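Dear colleague,

Here is the structure I said I would pass on. My notes follow below the entry.

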Amino acid sequence: MKKRQWAIIGGLLILVVAFGLKNKLSQSTETESPKSITRLKALRVDEVKNGPVFLNIKVDGPVQAQQRIDLFAEVNGVLSLQATKFDAGRIYRKGEILLDLDNSEASSSYRALKSQYTNVLGQVIPDIKIDFPTHFDTWYKHLQNISAGNWEAPKSTDDEKLRLFLNARGIYSAYQNAESARIRLEKYQIRAPFDGSLTEALVEPGQLVRVGQKLGEFMGQGKFEMLTSLSTTEAPLVNIGDTVYLSSSESGHEYKGIVFRKNAKIDPSTQRLNIYVLLEDARLVDGEYLKGSISGPSLENAMALSRKLLHKKASIYVVKDSVLAETSLEILHQSPEMVIVRGLKNGDLIPQKPIAGAYVGMPVKIISQ
């Protein structure tokens, strides 16, 4: 009997405790939950002001002399001793002798053929006086000039009979033989084709030089060209004659050049087009590396932005009614840091810096400038 009473008492206690817990939980649910607080993203903005944007395309590349030739021997001979030794670094004016080979044999051959032409010409002068008297004075004066050492070509004539007569007497063939010897004799002296300096010398005085042997390298002074390359979107914006501003990080010198050549073919290895810049400055050194920009045309009704502000490569966030909205852009030009675009309206507000975690409809708070 006692066990039954204790079981009844225990059940009543459990009911009392359960009832008390129920009341407590109901009271807690009746209390109001705290309201959620919306946090606004604070940011600084810029106002859009479209207008002309002057294009500056970044370029860089090495410069090289525009006038540069390799010197080769066209005849055999021994390099003569000269007052000025054939050494790299020496400066020459246009027409000065760079190399002088022993030409004694070639000179004798020329004198012999020249004398032969003079003799043949002297033999036909009497016949010209008789058969072609109207042409006598012209050919006699030509003979006098040749005899005096003034080498010149035979006078041309419209008289067919006279021309056949001179051919039959060997006048023209004798002249061509002597002229060939004269041209060959000139090849024993190599003269500077323009003002410049010798950058490479491969022979020494007294050395035997053979036909086709490379003798050195000669480079002009003052005129240089720089090779650079542009993307397929930048190249159409650059025109022949555009100004290029360049500088050297090593010397600190600044230079001004112009675009004077454009390649119409894309380089397969780089997928870019080569542009050539002409520079005229005595301070430049062949092989010097320069950096700068090309002043291209102005892009109307456009704006320059930082590339970091772009979203999805061709859109940007703008602030409208205190929330973020997205606007598509037309990309006109882009560089590693900046991008020139159209598509924004005057008065639009855009963030000054990229917004972490930004999304369309994000509430923002503009911080006064």
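Predicted model: local features only at pLDDT ≥ 70, side-chain atom pairs only at ≥ 80, totals over all residues.

Sheet with β6 and β9

I91 belongs to β6, which spans residues 91-92. Strand β9 covers residues 196-201 and is joined to β6 by two bridges, with the strands running antiparallel. Both belong to an open sheet of four strands, and its order is β4-β11-β9-β6 with antiparallel pairing. β4 (68-72) and β6 are the edge strands, each pairing on one side only.

Pairing around β12

Strand β12 (residues 223-230) is joined by three bridges to strand β3 (residues 51-65), and the two run antiparallel. Within that pairing, Q64 stands opposite E225. β12 also pairs with β15, again in the antiparallel sense, over eight bridges. There, M226 is placed opposite V277 of β15. In general, strands of a sheet pair through backbone hydrogen bonds, either parallel or antiparallel.

Helices α2 and α5

The axes of α2 and helix α5 (residues 171-186) are 8 Å apart, and the helices pack at an angle of about 160°. Since angles over 145 degrees count as roughly antiparallel, α2 is therefore roughly antiparallel to α5. The crossing in which α2 passes α5 is left-handed.

Aromatic rings and charges

There are eight aromatic pairs in the structure. One of them is formed by Y110 and W151: the arrangement is edge-to-face, with 6.2 Å centre to centre and 80° between the planes. This pair links distant parts of the chain, as Y110 is in helix α2 (residues 104-131) and W151 is in the loop between α3 (136-147) and α4 (160-168), 41 residues apart. Y110 has a relative accessible area of 11%, so this residue counts as buried, the limit being under 20%. Y110 and W151 also belong to one aromatic cluster together with Y117 and Y175.

The charged end of K129 sits over the ring of F136, 5.4 Å from the ring centre. R261 lies over the face of Y276, where the distance to the ring centre is 4.0 Å.

Positive phi values

Most residues other than glycine have a negative phi. Two residues to look at here are Q271 and K312. Q271 is not a glycine, yet its phi is positive, near 60°; this residue lies in the loop between β14 (254-267) and β15 (272-280). K312 also has a positive phi, of about 60°, without being a glycine. K312 is placed in the loop between β16 (289-306) and β17 (315-320). Its relative accessibility is 62%, so K312 counts as exposed, for which the value must be over 50%.

A last contact

Is T327 buried or exposed? T327 is buried, because its relative accessible area is 15% and the limit is under 20%. This residue is found in strand β18 (residues 323-328). T327 and I316 are 11 residues apart in sequence, while their C-alpha atoms are 5.5 Å apart in space.

Regards

Terms used. Residues numbered from 1 in each chain as written. Heavy atoms only, no water. Phe/Tyr/Trp six-rings, centres within 6.5 Å; stacked < 30°, edge-to-face > 60°. Buried < 20%, exposed > 50% of the residue type's maximum accessible area, 1.4 Å probe, protein only. Lys NZ or Arg CZ within 6 Å of the ring centre and 35° of its normal. Pairing = 2+ DSSP bridges. Axes fitted to C-alpha atoms, helices over the stretch in contact; angles between N-to-C directions. Parallel < 35°, antiparallel > 145°, perpendicular 65-115°, else oblique. Left-handed = near helix turned anticlockwise from the far one by under 90°.
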